[in-house]
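Good morning, and thank you for joining this group meeting.

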Amino acid sequence: MACTVGPEPLGDGGGSERPKWDNKLQYLLSCIGFAVGLGNIWRFPYLCQTYGGGAFLIPYLIALVFEGIPLFYVELAIGQRLRRGSIGVWTAISPYLGGVGLGCVTVSFLVSLYYNTVLTWVLWYFLNSFQSPLPWSSCPLDVNRTGFEAECQASSTVSYFWYRQTLNITADISDSGSIQGRLLACLAASWAVVYLCVIRGIESTGKAIYFTALFPYLVLTIFLIRGLTLPGAVEGLIYLFTPDVQILQNPRVWLDAATQIFFSLSLAFGGHIAFASYNPPRNNCEKDAVTIALVNSMTSLYASIAVFSVLGFKAANDHGRCLDRNILHLINAFDFPDQSISRDDYAAVLTHLNASQPERVARLHLEACHLEDFLDKSASGTGLAFIIFTEAILHMPGAPGWAVLFFGMLFTLGLSSMFGNMESIITPLLDMGLTHRSIPKEVLTGLACLLCFLSAICFTLQSGNYWLEVFDNYAAPLNLIIFAFLEVIGVAYVYGLQRFSDDIVCMTGRRPSLYWRVTWKVVSPLLLLTIFVAYIAVLVWTPLSYRAWNTQYARFPSRQGAAGDGFTGTPAESSRKMLCSMALTVCRVSRTLNCLLGGQSSGCVVFPQKNPQNLTSPSYWKVALAGCHHLGS
Amino acid sequence: MRQNNSITQERARRSKAEADAENAFKVRLSIRTALGDKAYVWDTNEEYLFKAMVAFSMRKVPNRETTEISHVLLCNVTQRVSFWFVVTDPSKNHTLPAVEIESAIRMNRNRINNAFFLNDQSLEFLKIPTTLAPPTDPSVPIWIIIFGVIFCIVIVAVVLLILSGIRERRRKSKEPSEADDTEDKCENTITIENGIPCDPLDTKGGHINDAFMTEDERLTPL
């Protein structure tokens, strides 16, 4: 009967019965916290701004409806039905899909490495926010104490603080430099915080999530209210949200919308599967999926309003200071009385002077001050948080308080996503029963966190930021798309849509409607395939490069596009890893065939078995993996 | 005498005009920027005060103790407010070298600024660089203090959680053995009446005695 609880967890999941959520709210908050991450704050507003403001919402919503929500529902339903982590789930569906589960765990491991490094930087800024004036408000003096540091003068105080006093970055990715002690200390602290929260699995994350998932919303609201009252905010909002529908003709917009919804919901990590596996068997996961996906998108919108209002304020501020600099040049050159030209009079005075004494005005080399130019200056990722926003905060009254709030919000946002990442690693390992029953769960989580911490030390090198950008751009996205494609194909075709629909009737009480069936069978796989092909095409056509902070660069402080020898192999590595997980499956197939045809007595495990539970036994895995180690997975 | 004075002044002015490029300094004041509503008007009295301050600075230089206010000459006062000045030496009939004036002004910059309620940015001597204030570094950077606090709290919390986990596990492993003991005790105290063991009162949970209940009577009727 489809309504039985499902295969028993053979590998001891830390007790005789599976842990469960204390209440539904914990589960919802955990999924929301996992989905809502740093990308909602610093990627979505950037995309909105670059791709025509409000017009970007059209491809975004289409992608949400046809790709995001169906895939999300699949993950929740399959986790809740089969009640295992990602490895167990995919192996149970079909042994040929076992590689997908392994791949998900590996990707989660890699992503958690560099995600927590970003949290390390956030923690560093947070710790430095408890002083007035803020350390990134002024340049340090040079050696002779006669002026400011040259690098700081050439770029800006915030850039200097980020690139030099935080990262101490080298000019080239191949130049690794030394490990930065302060970053190492912050890395240890942030992994300690993560360990503290995931120490007992969902028992402990369930308690921590109340704070880490709700605090960001509180801070966003505070920033929204403060931002809207700042001068220049409303102009910024209007300019940035004004739709430019022409831009929808650019296919890149659709690609970016689809990838954004995909990564924003944290699909194909296995984290949602892990969270759903702790649910009671009868739980309306359809409502959960739609709710969580909508909350995630609403949060993105809400955050972008807050971000745009602060950016509008910053642009107005920069524009005003640009005008002031020009006015000072004019006053000093033409000996007008002090403060005689206001910002409003500037344009009129300039035209008058240009008419009467153009050569003198030309010699002054005045900057062109247009508000739109300042509003167009955008950045995503770490540039938005650590350079643009920190500079905007400097000009707000009570700057240290706002900095503390902002970086505290970023830290809790990232932390709740880290819970999902760690659960997607720990839950499959626990389900596989790799450790003896007597070893407590705390030890396993501790070992996992320790391993991640030691591996992430490479990001505290001076070139760590370059490696992180490489990982972020090339290592994770391609693999995730492939895994999501295999997931939806696996459920729709291998597991069977009929069987899946029966399971859903059992769990939610309703048969999935035509919309779900069509998207699972046709629309989502097609969309994912298109995204994959487009991604590969973009990778092939754009030259591989990273942007270096090189003080010797002729156009410093612009970042120099460089392609280092050290990483041209990374897309090859990423595809190699992908192939590895699929090769694992191929290997097992071939060994089976070998056994059937040749007949080696030892190490021969024939599948498919009549009793599928053997497929999840550790001994089977050890044998299968032993034969495949030469593939280098 | 008066003629002599005026001739001296005239010569001084001419020589100042020649020496303008080397030994003269341009000064620029931004009074309204610095003081806003409390800004004062720049008039000849303020110029007199300025000359006095420059003379005062020069008098602090060894060998120049005899500098008088009249030795300081201002010219080209604009509305900005900006002007040029030189310090002359009438006995030798030349202007003092720029290096001396620069070092004198730098030594007394603070006094000069305070006399006019201005600062280094609003009272600019264009060729004289300002001495920047040394950075005030606290002995222990603030971030280390807060880092220490957070790290200690986290470590203490982790240790507490691990200890409580160990205690819970020990308690769980003791409980089944204790429950077994009580069960044994219960069975040992089975009363025997007439050689037939009686079931002790089953306190573990209501058991329906099937012998006395039929199927229909399991649920009491309304």
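This is a predicted model: local features need pLDDT of at least 70, side-chain atom pairs count only at pLDDT 80 or more; totals for chains, interfaces and linings use all residues.

Let me start with the interface. Here 31 residues of chain A are in contact with 28 residues of chain B. In general, the size of an interface is often given as the accessible area lost when the parts come together. For chain A and chain B, the buried area is about 2600 Å², and carbon and sulfur atoms give 67% of that area.

How many salt bridges does the rule find across the interface of chain A and chain B? There are 2. One salt bridge joins B:R80 to A:D338, with 3.8 Å between the closest N and O atoms.

Which helices of chain A each supply at least two residues of the side that touches chain B? They are α6, spanning 98-127, α9, spanning 181-198, and α14, spanning 285-334. The largest share is that of α9(A), with 9 residues. By residue type, the side of chain A that touches chain B comprises 19 nonpolar, 6 polar and 6 charged residues.

I turn now to the surface of chain A. A nonpolar patch is formed there by A:I58, A:I62, A:V65, A:F66, A:W254 and A:Y515. Together, these residues have about 480 Å² of accessible area. Helix α4 of chain A, residues 57-82, gives the most to the patch, namely 4 residues. A:I58 has its place in this helix, α4 of chain A.

In chain A, the peptide bond from A:S132 to A:P133 is cis, its omega being near 0°. A:P133 belongs to the loop between α6 and α7, the latter covering 150-154.

In chain B, the peptide bond from B:R80 to B:V81 is also cis, with omega near 20°. B:V81 sits in the loop between β2 (72-75) and β3 (82-89) of chain B. Its partner in that bond, B:R80, is the residue that forms the salt bridge with A:D338.

A:H365 is located in the loop between α16 (358-363) and α17 (371-376) of chain A.

Definitions and conventions: Residues are numbered from 1 along each chain as its sequence is written. Chains are lettered from A and ligands numbered from 1 in the order in which they are written. Side-chain values use heavy atoms; hydrogens and water are left out. Contact means heavy atoms within 4.5 Å. Buried area is the accessible area (1.4 Å probe) that two parts lose on being put together, summed over both. A salt bridge is a side-chain nitrogen of Lys or Arg within 4 Å of a carboxyl oxygen of Asp or Glu. Ala, Val, Leu, Ile, Met, Phe, Trp, Tyr, Cys and Pro count as nonpolar, Asp, Glu, Lys and Arg as charged, and the others, Gly among them, as polar. Patches are made of residues with over 30% relative accessible area and no salt bridge: like charges are joined within 9 Å, nonpolar side chains (Val, Leu, Ile, Met, Phe, Trp, Tyr) within 5 Å. Accessible areas come from the Shrake-Rupley method with a 1.4 Å probe; for residues, only the protein chains shown count as cover.
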